[in-house]
Amino acid sequence: MALSNARKADILLILVTLLAAMSWLFSKEAIGLMPPFLFMAVRFLLAGLFLALWGLPQLRRLNALQWRRSLRVGLCFAAGMSVWILGLFHGTHVGEGAFLTSLGVVLVPVIGRWVFAEQVPVSTWVALPIAAAGLALLSLHDGFTLASGQWYFVLAAALFALYYTLNTRAANHRASHAEGAVTKVPALALTTIVMLTVGVVTTVLSAVYEPWLPTLNTVSGTLVMWVLASALLGSAARFLIQTYAQSLSSHSHGVVIMIVEPVWTASLAAIWLGERMTSQQLAGCVVILLALLVSRAWPSASASA
């Protein structure tokens, strides 16, 4: 029996979550050896140029509207990734950061409603207070105080929610009619533009805020390995598959299948980095996971009823 597009999208997004979890570790290792914005610049420029080798014919066929929509997605994602890498740089716990960033999944329908007047599932309104409770457990130590790394991850979550919504609409012509567009942006071309946009933005940020000479003088094989792994697996492959998967489904809230990502990330961080959570941290992550499950499972159960 042939798989439906929706089922294909789900399977591909599960693969995306595994690549995303691996990318957390690649990035954590790399920024221990070089400045964070410089790492992001090299990572995404390499990824974008790699994809451009195959995507040039598609890029040449894009019209002005498709370029504008793609650049809009790229600038939004550049903002999210810039904040995210600061969270990873300043944060002390990769697994916790992954659960905080995953809050963006719950926010996707809310952003869709706010920006494009999409209908918000009831499950989202139920999931939001649960997610807030999980966030409180991760921050209630001596009152409600978020560490700098945690603030960056929460802000990144909101920006990623907007990115998911814009990316789905740009990649899927069925979701574009409300905006007056009739032609979707091909997945390869869209991903290429997004990757290069992130690379350009973070290059500018790095040039303004970071020294390059110390890194250039101490380049090692280990650093090159982590950068290449991040660029090719964690960026090019991951986001190309994600964009293609999103092109198969017109519903922006379908991306909530990515709830698996923080579980993968926390598990890999425990194995690779030896991270351990306190009981309160673990409780907060479990509550956030519950919110993600509610936002994902409830609509599916209602549809099958």
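Trainee: Where does Glu275 lie?

Mentor: Glu275 sits in the loop between helix H11 (260-272) and helix H12 (279-304). Helices are DSSP runs of H or I, at least four residues, numbered from the N terminus. This is a predicted model, in which local features need pLDDT of at least 70, side-chain atom pairs count only at pLDDT 80 or more, and totals for chains, interfaces and linings use all residues. Residues are numbered from 1 along each chain as its sequence is written, and side-chain values use heavy atoms, with hydrogens and water left out.

Trainee: Why is Glu275 called buried?

Mentor: Its relative accessible area is 14%, and buried means under 20% (1.4 Å probe, protein chains only). Therefore Glu275 counts as buried.

Trainee: Which residues does Glu275 touch, not counting residues up to four places away in sequence?

Mentor: Glu275 touches Thr92, His93, Val94, Gly95, Ala269 and Ala270; contact means heavy atoms within 4.5 Å. Val94 is 181 residues from Glu275 in sequence and 8.0 Å away in space, C-alpha to C-alpha.

Trainee: What makes the pairing of the Glu275 and His93 side chains a polar contact?

Mentor: The distance is 3.2 Å. A polar contact is a pair of N or O atoms within 3.5 Å; within protein, one must be able to donate a hydrogen and the other to accept it, and residues adjacent in sequence count only if both atoms are side-chain atoms. The 3.2 Å value falls within 3.5 Å, so the pair qualifies on distance.

Key:
Helices (H or I, at least four residues) and strands (E, at least two) are DSSP runs, numbered from the N terminus. Buried means under 20% relative accessible area, exposed over 50%, partly exposed in between (1.4 Å probe, protein chains only).
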